[in-house]
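Subject: Structure handover and findings

Dear colleague,

Please find below the structure that I am handing over to you. My notes on what was found in it follow directly after.

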Amino acid sequence: MKDIGIDLGTANVLIYVKGEGIVLNEPSVVAIDTETNNVLAIGSEANEMLGRTPGKVKAIKPLKDGVIADFEYTEVMLNHFIKRIKGRGILAKPRILICCPSNITAVEKNAIKEAAERIGAKKVFVEEEPKVAAVGAGMDISKPSGNMVIDIGGGTTDIAVLSLGGIVTSQSLKVAGNSFDQAIIDYVKSKHKLLIGDRTAEDIKFKLGAVFNGDKDNKMEIKGRNLTKGLPYTIEISEKEIEEALYPLAMEIVKKTKEVLEKTPPELSADIVDKGIVLTGGGSLIKGMPELFEQELKVPVFISESPLTCVAEGCGILLSNIDLIDK
């Protein structure tokens, strides 16, 4: 019997199968026909349709800010992904470990459990994302010493101090990858009077995203609709400008991190000063993120080896050590 770990992210769903590693990494998007409510596409195929669909086709993201905003479509999406990997010889009724943000309510946790049970899980474990990310980043959280992780995902950033296999103090805030995209859209709109879509914003974030020491000579051309003329238009934008758009958001994460550190017992704080803080999640890859944190927090800051797949890999480690999972 193969166990399955699911990183249910706002931007992507990753599925880890015990003994096989990560077998699926797809965008959390469902495309539906608004007239009939039929599902037309799921995952990458649906993602291609974002912002490009005719009137009656709507691409929706069933997860918002790290929690399920639309249960029906989350279940449809999970069902589709599980069916796809079942074709790989995974038998019926696996044990499933699902990761969720650290601040979700008991009601939301139960809803996630029920969704997994309905898609045929024998037993469902729900674990908090920062804990799983820390395990995936190679931290040994089972010992009585402090570890700090900041997981900058698509919908939420989870900040947590862990010790003895559990979370000691944590905060979750809705400033993450999606907020960075929105900040870029708003900045380009107010400064250049150009309207761009989500996909263009994400592209800019990947190529020019910076929060510290942005390079004014690193530029790219972007296309959108000129707000004054209403016509398609192309402009050039620099990394330094994107830093201007993203810096305030990065500072919000810094502020929350300081709050978590203030609530941390002094013995654990001493461990964090020695070991440093580990950044995981796609947002940690934005240029200058560790440098900015180091400057503001006066603690060493590192990016984990594979920030995008940390949570899924952590699922794999926890599935092999079921005793580490909260009973």
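In what follows, Lys and Arg count as positive and Asp and Glu as negative, while His and the chain ends are not counted. On that basis the protein has 41 positive and 47 negative side chains, and the centres of these two sets are 3 Å apart. Please note that this is a predicted model.

Overall form

The protein contains 10 helices and 18 strands. Its radius of gyration is 20 Å, which agrees with the value near 20 Å that a compact globule of 327 residues would have. Along the principal axes, the C-alpha atoms fill a box of roughly 60 × 55 × 30 Å. The accessible surface comes to about 14800 Å², and carbon and sulfur atoms account for 50% of that area. Of the 327 residues, 53% are buried. Among contacts with a separation of 6 or more, 62% join residues 24 or more positions apart.

In soluble globular proteins, nonpolar side chains tend to be buried together. Here the largest nonpolar core has 41 residues, and Ile196, Ile222, Ile253 and Met289 have the most contacts inside it. Helix α7 (residues 239-262) supplies the largest share of this core, with 7 residues. A second, separate core has 31 residues, including Ile42, Met77, Ala121 and Val126.

Apart from residues up to four places away in sequence, Ile196 touches Ile184, Ile185, Val188, Ala201, Ile204, Ile222, Lys223 and Gly224. One of these partners, Ile222, is also listed among the residues with the most contacts inside the core.

Helix α10

How many of the 11 residues of helix α10 are buried? The helix, which spans residues 310-320, is mostly covered, with 8 of the 11 buried. The buried residues are Cys310, Val311, Ala312, Gly314, Cys315, Gly316, Leu318 and Leu319.

Two buried loop positions

Ser284 sits in the loop between β17 (277-280) and α9 (289-297). Is this residue, Ser284, buried or exposed? Ser284 counts as buried because its relative accessibility is 0%, and the cut-off for buried is under 20%. Beyond its neighbours within four places in sequence, Ser284 is in contact with Ile152, Leu279, Met289, Pro290, Ile303 and Pro307. Met289 in that list is also one of the residues with the most contacts inside the largest core. From C-alpha to C-alpha, Ser284 and Ile150 are 8.6 Å apart in space, although 134 residues apart in sequence.

Gly209 belongs to the loop between α6 (198-208) and β15 (219-226). With a relative accessible area of 8%, Gly209 is likewise buried. Leaving out neighbours within four places in sequence, its contacts are Ile204, Ile242, Leu246, Ile286 and Lys287. Gly209 and Leu14, which are 195 residues apart in sequence, have C-alpha atoms 24 Å apart.

Loop positions with greater accessibility or positive phi

Most residues other than glycine have a negative phi, and most peptide bonds are trans. Against that background, two residues deserve a note. Asn37 has a positive phi of about 65 degrees although it is not a glycine. Asn37 lies in the loop between β4 (30-33) and β5 (39-42), and its relative accessible area of 48% makes it partly exposed. Leu164, also not a glycine, has a positive phi near 50 degrees. Leu164 is placed in the loop between β12 (157-163) and β13 (166-173). Leu164 counts as exposed because its relative accessibility is 59%, and the cut-off for exposed is over 50%.

Finally, Thr53 is found in the loop between α1 (44-47) and β6 (57-60). At 28% relative accessibility, Thr53 counts as partly exposed. How far apart in space are Thr53 and Ser306, C-alpha to C-alpha? These two residues, Thr53 and Ser306, are 33 Å apart in space and 253 residues apart in sequence.

With kind regards

Key
Residues are numbered from 1 along each chain as its sequence is written. This is a predicted model: local features need pLDDT of at least 70, side-chain atom pairs count only at pLDDT 80 or more; totals for chains, interfaces and linings use all residues. Side-chain values use heavy atoms; hydrogens and water are left out. Helices (H or I, at least four residues) and strands (E, at least two) are DSSP runs, numbered from the N terminus. The radius of gyration is taken over C-alpha atoms; the globule rule is 2.2 Å times the number of residues to the power 0.38. Buried means under 20% relative accessible area, exposed over 50%, partly exposed in between (1.4 Å probe, protein chains only). Contact means heavy atoms within 4.5 Å. Accessible areas come from the Shrake-Rupley method with a 1.4 Å probe; for residues, only the protein chains shown count as cover. The place of a charge is taken as NZ of Lys, CZ of Arg, CG of Asp or CD of Glu. A nonpolar core is a set of buried Ala, Val, Leu, Ile, Met, Phe, Trp, Tyr and Cys residues joined through side-chain atoms within 4.5 Å.
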